[in-house]
Amino acid sequence: MIVDVSEVKAFAAKLQAAPERKQRRVSMIVKKAAQNVKTETRADLTSSGNAAFRRIPIAYEMHERGPMVEADVAPTEGGAGNLDNLAFFGTARGGGTHDFYQHARAEFPNLVRELRRAAMGL
């Protein structure tokens, strides 16, 4: 009796690789969402009438701890980045005319949709 186990071996290899593929896919989705938030925040600041606000640098950092993937999007410290509170939150005299959290809220439905697609595809 001859038994061809190549299909079983191929299936086992695919199952073994699934968690790694899933992790990479989730990381890519979170990174894309962070980039979108960064881009929208930069565009908002670029439209400012205040020249110093237009120079506020925005960056994101990715963090992966086991199955958890996070991205922190924020102004960088130092230089024009120190004006972030004035641009986003204002003072007692006013200001705070630029969006910060709103860009992340707008991107959230896209992030959820892509994560659902990834979960169904794996």
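**Fold, hairpin, cores and pocket of the predicted model**

From the N terminus on, the elements of the protein follow the order α-α-β-β-α-α, which amounts to four helices and two strands, where helices (H or I, at least four residues) and strands (E, at least two) are DSSP runs numbered from the N terminus. The model is a predicted one, in which local features need pLDDT of at least 70 and side-chain atom pairs count only at pLDDT 80 or more, whereas totals for chains, interfaces and linings use all residues. Residues are numbered from 1 along each chain as its sequence is written, and side-chain values use heavy atoms, with hydrogens and water left out. Of the 122 residues of the protein, 24% count as buried, the term buried standing for under 20% relative accessible area, exposed for over 50% and partly exposed for what lies in between (1.4 Å probe, protein chains only). Among contacts (heavy atoms within 4.5 Å) between residues at least 6 apart in sequence, 55% join residues at least 24 apart.

The two strands, β1 (residues 58-65) and β2 (residues 68-75), pair in the antiparallel sense over eight bridges, pairing being assigned if DSSP finds at least two bridges between two strands. In the hairpin that they form, two residues stand between the strands, and Gly66 takes a positive phi near 60°. The bridge partner of His63 in β2 is Glu70, while Glu61, which has its place in strand β1, stands opposite Asp72 in β2. When neighbours within four places in sequence are left aside, Glu61 is in contact with Glu70, Ala71 and Asp72; the C-alpha atoms of Glu61 and Ala74, 13 residues apart in sequence, are separated by 8.7 Å in space.

In soluble globular proteins, nonpolar side chains tend to be buried together. A nonpolar core is here a set of buried Ala, Val, Leu, Ile, Met, Phe, Trp, Tyr and Cys residues joined through side-chain atoms within 4.5 Å. The largest such core has eleven residues in all, namely Ala34, Val37, Leu45, Phe53, Ile56, Ile58, Val73, Ala80, Ala87, Phe88 and Phe100. Two or more residues of this core are given by each of α1 and α3 (84-88), and the largest share, three residues, comes from α1. Apart from this core lies another, of six residues, among them Ile29, Val30, Val69 and Leu111. Phe53, a member of the largest core, is in contact, leaving aside its neighbours within four places in sequence, with Arg42, Leu45, Ser48, Leu83, Leu86, Ala87 and His98.

The largest pocket holds about 260 Å³ of space; a pocket is an open set of points on a 1 Å grid over the protein atoms alone where a 1.4 Å probe fits, with protein on both sides within 12 Å along at least five of seven lines, and lining residues have an atom within 4 Å of a point. Of the 13 residues that line the largest pocket, Ala34, Val37, Ala71, Val73 and Ala104 are the closest to its centre. The elements that give two or more residues to this lining are α1 (6-46), β2 and α4 (101-121), and α4 gives the most, with five residues. By class, the lining comprises eleven nonpolar, no polar and two charged residues. Helix α4 also holds Arg105, which counts as exposed because its relative accessibility is 57%. Arg105 and Val37 are 68 residues apart in sequence, yet 9.1 Å apart in space, C-alpha to C-alpha.

Note on methods:
Grid points are joined across faces, edges and corners, and a volume is the space filled by probe spheres set on the points. Ala, Val, Leu, Ile, Met, Phe, Trp, Tyr, Cys and Pro count as nonpolar, Asp, Glu, Lys and Arg as charged, and the others, Gly among them, as polar.
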